[in-house]
Amino acid sequence: MKHIKEVYPKPPSPCYCLNLRRASRAVTQLYDEILKPSGLTVAQLALLSNLEVAEQATINELSKILRVDRTTLNRNMKPLADAGFIEINPGKDSRTRQIKLTKAGKDVVASGMVLWKGAQGTMKEYVGKEELAMLKQLLPKLEALVP
């Protein structure tokens with residue numbers, strides 16, 4: 001847990017949404033800090049690793065997989081394309097584009113996943129195995145609030 005300097009428990013808000021947003025930001029910052037040596041954020045690693053599994057996808061398909069809107073996805077893809085991690089090619093018709101991981105993209109996913117596993121271990125050590133198991137069951141239920 002070398003990444004966690006001290007515990008600063010904050011009083012919970014009566015608003016469930018605010019508590020989830022604060023926790024989400026904190027967890028994202030932790031993962032981003034641990035992933036820093038790879039040059040990726042956790043959001044970029046998620047995009048690239050999901051694209052690796054899909055092999056290639058349209059923007060619509062990838063936005064559904066990641067549950068982000070197309071505008072956000074387009075904005076997030078630009079630095080990855082500029083870095084040479086993804087290729088964006090014309091799709092079957094002029095309205096679609098196909099996104100594909102490059103060799104450099106596969107390499108950065110591999111190095112990022114090593115760091116990601118360290119972040120996962122940090123979370124397990126800090127939160128606890130049982131609590132994370134409960135969280136893992138609860139989060140998909142919350143995500144299903146909006147299909």
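**Entry 1: ground rules**

I take buried to mean under 20% relative accessible area, exposed over 50%, and partly exposed in between, with a 1.4 Å probe and protein chains only. By that scale I looked up valine 53 and found it exposed, with a relative accessible area of 70%. I note that this is a predicted model, in which local features need pLDDT of at least 70 and side-chain atom pairs count only at pLDDT 80 or more, while totals for chains, interfaces and linings use all residues. Residues are numbered from 1 along each chain as its sequence is written, and side-chain values use heavy atoms, with hydrogens and water left out.

**Entry 2: the overall layout**

I counted elements next, taking helices (H or I, at least four residues) and strands (E, at least two) as DSSP runs numbered from the N terminus. The protein has six helices and three strands, and their order from the N terminus is α-α-β-α-α-β-β-α-α. Along the principal axes, I get a box of roughly 50 × 35 × 25 Å for the C-alpha atoms. Of the 147 residues, 25% count as buried. For contacts I use heavy atoms within 4.5 Å. Among contacts with a separation of 6 or more, 52% join residues 24 or more positions apart.

**Entry 3: the cores**

Which residues touch the most other members of the largest nonpolar core? I define such a core as a set of buried Ala, Val, Leu, Ile, Met, Phe, Trp, Tyr and Cys residues joined through side-chain atoms within 4.5 Å. The core has 18 residues, and Leu48 and Ile86 are the ones that touch the most other members. At least two residues each come from helix 2 (42-54), helix 3 (59-66), helix 4 (70-82), strand 3 (97-101) and helix 5 (103-127). Helix 2 gives the largest share, four residues.

Valine 53 sits in helix 2.

**Entry 4: helix 3 and what follows**

Which residues of helix 3 are buried? They are Ile59, Leu62 and Ser63. They cover an arc of only 100 degrees around the axis, so they lie on the same side of helix 3; the arc is that of the directions from the helix axis to the C-beta atoms. I recall that an α-helix has 3.6 residues a turn, so residues three or four places apart point the same way. The buried residues of helix 3 pack against helix 2, strand 1 (56-58), helix 4 and strand 3.

Just after helix 3, arginine 67 has a positive phi of about 60 degrees. Arginine 67 belongs to the loop between helix 3 and helix 4 and is partly exposed, at 43% relative accessible area. I place glutamate 55 in the loop between helix 2 and strand 1, exposed at 61%. For context, most residues other than glycine have a negative phi.

**Entry 5: helix 5 against helix 6**

Helix 5 and helix 6 (residues 129-143) pack at about 110 degrees, their axes 6 Å apart. Axes here are lines fitted to C-alpha atoms, for helices over the stretch in contact, and angles run from 0 to 180 degrees between N-to-C directions. The two helices are therefore roughly perpendicular, a label that covers 65 to 115 degrees. Met123, Lys124 and Val127 of helix 5 meet Lys129, Glu131 and Leu132 of helix 6.

Valine 127, in helix 5, is partly exposed at 30% relative accessibility. Its C-alpha atom lies 35 Å from that of alanine 83, 44 residues apart along the chain.

**Entry 6: aspartate 32**

Is aspartate 32 buried, partly exposed or exposed? I read 23% relative accessible area, so aspartate 32 is partly exposed. Aspartate 32 is in helix 1 (residues 16-35). Beyond its neighbours within four places in sequence, aspartate 32 is in contact with Thr41 and Val42. From aspartate 32 to glutamine 44, twelve residues apart in sequence, the C-alpha distance is 9.8 Å.

How values were computed
Angles under 35 degrees count as roughly parallel, over 145 as roughly antiparallel, 65 to 115 as roughly perpendicular and the rest as oblique.
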